[in-house]
Structures are given as C-alpha cells and as structure tokens.
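This briefing is meant for a reader who is meeting this structure for the first time. Please look over the sequence and the model, and then follow the topics below one by one.

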Amino acid sequence: MLNKQLLLTALAPAIWGTTYLVTTEFLPPDRPLLAAVIRALPAGLLLVALTRRLPKGDWWWRSLVLGTLNIGAFLALLFVAAYRLPGGVAATLGALQPLLVAGLSTGLLGERLTRRTVLAGVAGVAGVSLLVLQSSARLDAIGVAAAAGGAVVMATGVVLSKRWTSPAPLLATTGWQLVAGGLVLVPVALAVEGAPPASLSGANLAGYAYLALIGAAFAYALWFRGIRALSATQVTFLGLLSPVVATLLGWLALGQRLTPWQLLGAAIVLAAVVTAGRRPLVRTGADNYQPLTTAHRATDAEMV
C-alpha cells in the first residue's frame, strides 16, 4: 500500500505539472529563466524571513551545493533542453531520473537496487515516452546533453538531500536551497534574456505569485519533507507524475487532443509510481514477511 507520506509528497510534482499551463497562459513569452528566478529567489527569501534561521557551519556550502543541483543547475539545463529539443524528448530523457537515483542510492545510501525498482524505472520511461513523445521529434546533441545533464544533477541532488540531513527546521532548509538556486540563476538569466520587462500585467504578477508561493515555497517544502521521511528512490518516482498532470491539464484547459496511446502511457506511469512506492517486504521468520522500514534500511546500509 501507498502510505500517506508518499501521497502528500506526490502533491509536489503534481503542482510542478501545472507550470507549463501557468507559463503559457499567464507569463510574458520567451522568459523561462526569469520565471525560474522569480519562482525560486523570492520564495526562498520569504521562508528564510519566516523561519529566521541562517545556515551554520557546513550548511553554508551544503545549501549552495543542494540549491544548485536541485534548483539552479537543474532549471538552467531544463531551459537549454526545452529550447533545443521537442518537449516530449526532454521529458522522456528526464524520466531516466528514477533509475539514476536508484543507482546512486545503492552506492551513497546503502539502498538495495531491486528488480522491481529497475522494471518500474524502465516502465516509467516507456510510459512518459508514450505520453509526450511525438514520432516527428528530432534530436539535437546539445539539447540531449542538457536534458540528460538535468536528470543527473537532479538525481544527485535528491540523493545528497537524503544523505545530508539538516538539523534546522524543514522550511529553513528549503529556503536556503531556494535562495542558493535563485542566486545561481540570476546571472544566467541576465546574460541570456537581458533585463526583466519594464512593466508586467496583472496576469503576469498572478502567474509569478503562483509559481513562487505554490510552485516553489509550498511544493519544494513537501518535496524535501518527503525526502526526509521516505527513501530517495520512492520520492524520485513521484516526479513522473509531472508530465501526466501537464498532459491532462493541456487536454482539460487548453483543448489539446488526448490519444489512446497517451492514455496508455499515463496508465503505465501511474503503475510504475505505485509499484515503486510500495515498501519492499523482508522475511522475519518461516513464511512471515513485513514491510521494510527505515530501521531495516539502516541496518542494511551498515552492512555495506
């Protein structure tokens, strides 16, 4: 069974799946990096102000590393991939992230790489490709490298977020990462897109407010909370929900066509998420089994 913590964490990628709709309908065109900066930096500053906590000791550089991996570098690479590749190709390459996290978790966290995880990861990639990949899609070497790089940096960020447990409150740690990621993006946005627009409409401001408050402060807090409570592999599979939500919103709100192949892809993705989210069973005696708990995983890690 899926536990409540997993379902709560799933809200984060579901919210991120609304980003495409908000960006196309409410924000100024051709300003994705500006949107990323406004999404991350104000939200991070707000959380830091509310918690009144600054990093201490190693957490200055750890926050910079995690913020760069989870937010700054990831969003910048996502921008490059989005401009040089069809969206379906970028999303399909991004779907490799659960397999990358599973592999990294084996080495850095002592988690077992099970057959079920591998099969769920392969199914997730197949499901996302059916959901968003078009037969006319063309590949670009730089775009492919950026999309693959984005999956790698985000996977590394998820695993390190699990390995480095902050003693500070969750909202403070989330704020530090958002600030770090936003600051990394500022010079990139200025170099690529130039100065922000001189004026913004009410719809623009509403869109930016949604991305900052809901898409960043709220969603990232849920995401990092999930990483603390669940295994890194369980959490990363939830990211496959983003293209499912984006596709469904395109059909419901924008009138985009939804084909039987896309429905099949969505069903495969959901099956992969559910399969990966189930806690593995460990043998406790004769023919008795019970769910693998955090305590069991810690014991396994100590044996590696």
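The structure, which is a predicted model, holds two cavities of 30 Å³ or more. The chain has 304 residues, of which 48% count as buried, and its secondary structure comes to 14 helices and two strands.

**The largest cavity**

- The largest cavity has a volume of about 100 Å³, and its lining is made up of Trp59, Leu66, Ser161, Trp164, Thr165, Ser166, Leu170, Thr173, Gln177, Phe224, Ile227 and Arg228.
- Helix H4 (59–84), helix H9 (170–193) and helix H10 (202–229) are the elements that each give two or more residues to the lining of the largest cavity.
- By residue type, the lining of the largest cavity divides into six nonpolar residues, five polar residues and one charged residue.
- As a general point, empty space left among the atoms is shown by rolling over them a probe the size of a water molecule.

**The second largest cavity**

- About 30 Å³ of space lies in the second largest cavity, and the residues that line it are Leu131, Val244, Thr247, Leu248, Leu258, Gln262, Leu263 and Ala266.
- Two or more residues of the lining of the second largest cavity come from helix H12 (241–254), and two or more come from helix H13 (260–277).
- The lining of the second largest cavity divides into six nonpolar residues and two polar ones, with no charged residue.

**The nonpolar core**

- The largest nonpolar core has 66 residues, and the members that touch the most other members are Leu178, Leu185, Tyr220, Trp223, Leu238 and Leu240.
- Helix H10 gives the most to this core, with nine residues.
- Tyr220, one of those core members, touches Trp16, Asn70, Ile71, Thr174, Leu178 and Gly215 when residues up to four places away in sequence are not counted.
- In soluble globular proteins, nonpolar side chains tend to be buried together.

**The chain as a whole**

- Among the contacts in the chain with a separation of 6 or more, 86% are accounted for by residues 24 or more positions apart.
- The chain exposes about 14,700 Å², and carbon and sulfur atoms supply 67% of that area.

**Leu130 and its contacts**

- Leu130 is found in helix H7, which covers residues 115–132, and Leu130 counts as partly exposed because its relative accessible area is 28%, a value between the 20% and 50% cut-offs.
- Leaving out residues up to four places away in sequence, Leu130 touches Trp261, Gln262, Leu264, Gly265 and Ile268.
- Leu130 and Trp261 are 131 residues apart in sequence, yet their C-alpha atoms are 6.0 Å apart in space.

**Thr117 and Thr233**

- Thr117 also has its place in helix H7, and Thr117 counts as buried because its relative accessible area of 13% is under 20%.
- When neighbours within four places in sequence are left aside, Thr117 is in contact with Leu99, Ala102, Thr233 and Phe237.
- Thr233 lies in helix H11, residues 232–238, and Thr233 is likewise buried, with a relative accessible area of 9%.
- The contacts of Thr233, with neighbours within four places in sequence left aside, are Val101, Ala102, Ser105, Glu111 and Thr117.
- Thr233 and Leu99 are 134 residues apart in sequence and 8.3 Å apart in space, C-alpha to C-alpha.

**Two residues with a positive phi**

- Most residues other than glycine have a negative phi.
- Asp30 has a positive phi of about 60° although it is not a glycine, and the place of Asp30 is in the loop between helix H2 (19–26) and helix H3 (32–51).
- Asp30 counts as exposed because its relative accessible area of 59% is over 50%.
- Arg52, another residue that is not glycine, has a positive phi near 55°, and Arg52 is placed in the loop between H3 and H4.
- Arg52 is exposed as well, with a relative accessible area of 76%.

How values were computed: Residues numbered from 1 in each chain as written. Predicted model: local features only at pLDDT ≥ 70, side-chain atom pairs only at ≥ 80, totals over all residues. Heavy atoms only, no water. 1 Å grid on protein atoms, 1.4 Å probe; cavity = no way out; pocket = protein on both sides within 12 Å on 5 of 7 lines; lining within 4 Å. Points joined across faces, edges and corners; volume = space filled by probe spheres on them. Helix = DSSP H or I, 4+ residues; strand = E, 2+ residues; numbered from the N terminus. Nonpolar A, V, L, I, M, F, W, Y, C, P; charged D, E, K, R; others polar. Core = buried A, V, L, I, M, F, W, Y, C linked by side-chain atoms within 4.5 Å. Buried < 20%, exposed > 50% of the residue type's maximum accessible area, 1.4 Å probe, protein only. Contact = heavy atoms within 4.5 Å. Areas by Shrake-Rupley, 256 points an atom, 1.4 Å probe, with all protein chains shown as cover.
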